[in-house]
Amino acid sequence: MIKVALAGQPNCGKSTLFTMLSGINQHVANYPGVTIDKKIGHIKYDENKIELTDLPGTYSFSSFSLEEKVTKRYLIEENPDIIINVIDASCLKRSLYLTFQLLEIGKPVIIALNMMDIAKRRGLEIDIDTLSNELGVPVIATNGVRGIGKQALLSALSQIDKRETKISPFRITYAELDPLIERISKNINNSIHLSSRWLAIKYLEKEEAVINSIDINNQEIDTEIDALKGKIDVDSILASERYKLANHLYSLSTKEKNKKEKTFTDFIDKIVLNRWCSFIILLLVIYGTYELAIVKGYELTNYTWPYLAKLKNLLISLLPEPQFVDIPLLTELGIWLINSALALLNYIPIFIILFAIIAIMEDVGYMPRIAFILDRIFRRYGLHGQSTLPLVLGGAFVGGCAVPGIMATKGIADERARIATALTVPYMNCLAKVPFYTLLLGSFFVQEMTLMMFFISTVTLFIALSVAKILTSTFLKTKECAPFIMALPSYHIPSIKNVSLRVAQRVWLYIYKVGTIVMAVAIVLFVLLQFPGISSEKQIEIDNKAQIALDSFYQKVGSTPYQKTFDSEESVIELLNLYNKYRADKMASSSSEAKQLDADYALQYPFLFNFIKPKTNDDRAINRAIRKLSQQSQLIQNEIKSERIENSFLGMFGRFIEPATQFAGFDWRINVAFLSSFAARESAVATIGAIYTSGQGERIEQSLEKDSVYTPLHASAMLIFMIFTPPCIASMVVVKLNVHSYGLMLLAIFMPFIIGMTIASIFYTLSLNLHWDGVEMMGYFYAFVVTTTIILGSIKRKKKPHIEKNLKIYVRQQ
């Protein structure tokens, strides 16, 4: 197998070229220990098997960014046979800086001169033969979008592998550094199959990855290097010689016809990056992304959910059937897992739209411009301009989702800012929190609902900025903060194939990685909510209620000709299960499918279906009786569920922490509701419903209003805690996948819990003593958060040496 590395600077069309070469025969993973995507494709050509690895985009081989370190580590440890260097032809001079470093490695290099059409539109004429002769390697014109150059690249790979193409050694003379580089090179015990001269240059630059990989025989060399660095700037000399050669080679191979003419990119950027228009356009883009991905995505689930509901009914039908109010444990577990899995699958329409929009913005070239516009504000809090989209998707406006928001942080190059963004996205208002907000506002703040919703929807962004500042100043202060080197690439038309493949890859990663882990966690949560179960006394009481319901059914059936048909509990349960199954299938079917559903049931259950769809008076009497029995069985099952929750391990834990949570006004019932919401935010409302609903047809809001235990102050304290509440299971898993640290995942769980409980307790206690009402409590809380955010933003970070500097280099590609 030929191992080929695809290397190039960001926005050079490398991913598109990778897709052109490998097609769908590719997979995405992560490099060990980091969140950077590792894309590998497999190709068969001329009886050769080719493994193609798409390396992260990097401007050079310095140690600034994580991408540069990953690329360097791959070249040292994986030892590829050939390197394909993808160059943006419209930015040839700037791209040659990385090309020289790749050539110095000593591996065979093929240059893919990409985006020739853009170079031509800019009036650039590149002499490919001159460029190839000067560099001593094959240079091939390519266009990944149109599929140009694929066969030429594969043929060049095959010829190099068969040694049919001679690769000339490449060497740059580095003025007064050359004698020392030669001495270092001769004293290196080279066992990693890379050029000794390149290793010597990296050793001279004090590259840690290289120093740890080689052995120097002469101990005096380090002393000589230190002495030399005390006299001259080694890094500047190395860079200067490369730039001189790049200018020389560019002048030899390239002619500029329209040097002073403005390009299409320049024209668009006058508007997109305008001091005043940029924020308006950005808000429109954010709103459009939010509207399409979140709002329209959720609307699409109205069409996809019926299919998932049918799948759910099919899977449940394979489980042991309930015996009136007794549901087998295997069935309960199966239903729990099915609901957990379908909750994840239900997000897929959102992710498809979201990942498509992100991929299009990446291909078009707008994503770097978002970072350019907002970085000045966000960096005061340790975040990054590219933190904008994740925060919006997470719910900067009410109705987002933390899972896609956290997943969108992968595009942030700065490790500290990336982790800080991933840990603050869960503070946003995801759509799953809305039912809880609505429940409390509808119960206690009907008149002030608009004002309270304004507090809730806007305070979270201030909280995220404050938390990010705290995290980057404490727990994350040792994380690497790379210089902000950002290119503003030319605008491009996105490739449909490339966008589609990236969407498919990212959605599959979500299903595979998140789904498997969530299933495991769901089992643990199921055990905590189910066991040890209800008491024997309660079980006797429930059995009596079940028997009364059955006796009532027998009494109603006794006046019909079907008395003997339903004289046993087994026959009644059979009809009851059929009725419930039909009702579930009916709800999952469209109006056009209803007739076919009835026909299928009539054919499969010719006798019992007469009582589901009655035609005679006697049949209607049985139908009324079975409907009543179904309602009674559901009420009894809800009672069992409520009792089981109260006596469960999670319920006992809710009672255990009650002495601490009482300062926020929380009793064990609210504790259980919040604890269960870690599985999914909607579970908080469901748990409250299970505990409070009386079963007389009244809404949960009415039940809460009747409970004199809770007041608007309790409701405000609960709202404050829900605003800070830790991430749900799916968000926790995605945090772990994106930060690669169990410690940081635990921090993401416990930090908001502690902050939320502390602040809720403080403001609840102040409200009791200062006689605030619920609205006043939220108002003072809002003012506190905004003031804290402004103060934290005014605190300047202490300057760090070298790599810690938040250096920004904005490069416009021309």
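This is a working chat about the predicted model shown above.

Me: What are the ground rules here?
Reply: The model is predicted, so local features need pLDDT of at least 70, side-chain atom pairs count only at pLDDT 80 or more, and totals for chains, interfaces and linings use all residues. Residues are numbered from 1 along each chain as its sequence is written, and side-chain values use heavy atoms, with hydrogens and water left out.

Me: How many helices and strands are in the protein chain?
Reply: The protein chain has 36 helices and 13 strands. These are DSSP runs numbered from the N terminus: helices are H or I with at least four residues, strands are E with at least two.

Me: What share of the residues counts as buried?
Reply: 54% of the 814 residues. Buried means under 20% relative accessible area, exposed over 50%, and partly exposed in between, with a 1.4 Å probe and protein chains only.

Me: What about contacts along the chain?
Reply: Take the contacts with a separation of 6 or more: residues 24 or more positions apart account for 76% of them. Contact means heavy atoms within 4.5 Å.

Me: Switching to charges. How many salt bridges are there?
Reply: The count is 24 salt bridges. The rule is a side-chain nitrogen of Lys or Arg within 4 Å of a carboxyl oxygen of Asp or Glu.

Me: Which residue does R242 pair with?
Reply: R242 pairs with E104, and their closest N and O atoms are 3.9 Å apart. This pair links distant parts of the chain: R242 is in helix α11 (residues 234-253) and E104 in helix α3 (residues 92-104), 138 residues apart. Both R242 and E104 are buried.

Me: And K538?
Reply: K538 forms a salt bridge with E639, with 2.9 Å between the closest N and O atoms. Here helix α23 (residues 536-557) holds K538 and helix α27 (residues 617-647) holds E639, and the two are 101 residues apart.

Me: Why does K538 count as buried?
Reply: Because its relative accessible area is 15%.

Me: What does K613 bridge to?
Reply: To D598, with the closest N and O atoms 3.9 Å apart. K613 is in the loop between α26 (609-612) and α27, D598 is in helix α25 (residues 594-604), and 15 residues separate them. K613 counts as partly exposed because its relative accessibility is 36%. D598 has 18%, so D598 counts as buried.

Me: Now the surface. Which residues form the negative patch?
Reply: D326, D543, E569 and E570. Patch residues have over 30% relative accessible area and no salt bridge; like charges are joined within 9 Å, and nonpolar side chains (Val, Leu, Ile, Met, Phe, Trp, Tyr) within 5 Å. Asp and Glu count as negative, Lys and Arg as positive, while His and the chain ends are not counted. The charge is placed at NZ of Lys, CZ of Arg, CG of Asp or CD of Glu.

Me: Where is D326?
Reply: D326 is in the loop between α13 (277-317) and α14 (329-345). D326 has a relative accessible area of 43%, so D326 is partly exposed.

Me: What makes up the nonpolar patch?
Reply: L329, I523, V524, V527, L528, F531, F649 and M652, covering about 640 Å². α22 (496-530) and α28 (649-656) each supply at least two residues. α22 gives the most, with 4 residues. L329 lies in helix α14 and is partly exposed because its relative accessibility is 47%.

Me: Is G651 buried or exposed?
Reply: Buried, because its relative accessible area is 0%. G651 is in helix α28. Leaving aside neighbours within four places in sequence, G651 contacts I645, E646 and V672.

Me: How many residues of α19 are buried?
Reply: 10 of its 10 residues, so defined by the cut-off for buried. Helix α19 spans residues 415-424.

Me: Last one: which residues does S158 touch?
Reply: Y45, D46 and N48, not counting residues up to four places away in sequence. S158 lies in helix α6 (residues 150-161) and is buried, with a relative accessible area of 6%.

Definitions and conventions. Accessible areas come from the Shrake-Rupley method with a 1.4 Å probe; for residues, only the protein chains shown count as cover.
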